[in-house]
Amino acid sequence: MANYTAADIKALREKTGAGMMDVKKALDEANGDAEKAIEIIRVKGLKGLTKREDRATSAGLIVADVVEAEGGKVGYLVEINSETDFVAKNEKFISFAESVLAAAVAAEAAELDALLAAPLGERTVKDELDELASVIGEKIQVRRVARLAGEDVALYLHKTAKDLPPQVGVLVASTGAANTVARDVAMHIAAYTPKYLTRDEVPADEVAHERSVLEEATRAEGKPEAALPKIVEGKLNGFFKEIVLLDQPYAKDPKVSVGKVVEETGGTLTGFARFRVGV
């Protein structure tokens, strides 16, 4: 029987993020040699990459950074997924996520393909991603990246569980004195999930579809035909309040809209980005 202890298994799991049975098998094959066991896990992991292609990656984390740039600031959000929460909170996985974020910043990556091709050490993010998956034994996915530039950019990261890394990340770009409320607005966005900043950003076909649905529903209620346009427009305002940030009731004071809060600062919001793991 290989010479290793429960403490050796625990240490190797923490170091690699691999499952208990995979660690035990590797230690058995390596006769208790931890370094050789790591190599065995890595090699077997590389062979198993294809088999893991169709696995779901619903766990993971969000990493983010805001850096100084010419004329203002630039914020970055990166979502990296794993199959389990165990891996999501593993130090090796978290360290990898931070290195990918640094690569995104260095490459000014705004698209996923650009991030995967970005340099990370002597290789690329994609190369390091495959290497990590081979060691951990789970499917690992760099799912998406967002880049948001502005005069000022506020950042908010939210943990949905104390023992997990951030699962929600929000960036808010602003001008003028709106930066005084931007982080609070970022917290609002984390909770209320708006899709658009202003009504003008909502695609015309989406508005037309909603108006058509509301017209049919209102007509089915038996409302007078002459009153339909006014009733539908009122209901459409409710639709905008659900999906448009500036129309939403402000989380800290629902009696006023986010737009009103921003307007009172004398500044403006110019954009936002929101990621939630797996959504």
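## Glutamate 108 and its setting

In this predicted model, glutamate 108 is exposed, with a relative accessible area of 54%; it counts as exposed because that value lies over 50%. Glutamate 108 belongs to the loop that joins helix H5 (91–107) to helix H6 (112–116).

Most residues other than glycine have a negative phi. Glutamate 108, although not a glycine, has a positive phi of about 55°, and this residue comes just after H5.

## Helix H5

Which residues of H5 are buried? They are Phe93, Phe96, Ala97, Val100, Leu101, Ala103 and Ala104. These residues lie on the same side of H5, because they cover an arc of only 160° around the axis. An α-helix has 3.6 residues a turn, so residues three or four places apart point the same way. The face of H5 turned away from the buried side carries the exposed residues Glu91 and Ala106.

At the start of H5, asparagine 90 places a side-chain oxygen within 2.8 Å of the backbone nitrogen of lysine 92.

## Asparagine 31

A positive phi is also found at asparagine 31, a residue other than glycine, where the angle is near 55°. Asparagine 31 sits in the loop between helix H2 (20–29) and helix H3 (34–47). Its relative accessible area is 61%, so asparagine 31 is classed as exposed, the cut-off being over 50%.

Technical notes:
Residues are numbered from 1 along each chain as its sequence is written. This is a predicted model: local features need pLDDT of at least 70, side-chain atom pairs count only at pLDDT 80 or more; totals for chains, interfaces and linings use all residues. Side-chain values use heavy atoms; hydrogens and water are left out. Helices (H or I, at least four residues) and strands (E, at least two) are DSSP runs, numbered from the N terminus. Buried means under 20% relative accessible area, exposed over 50%, partly exposed in between (1.4 Å probe, protein chains only). The arc is that of the directions from the helix axis to the C-beta atoms. A polar contact is a pair of N or O atoms within 3.5 Å; within protein, one must be able to donate a hydrogen and the other to accept it, and residues adjacent in sequence count only if both atoms are side-chain atoms.
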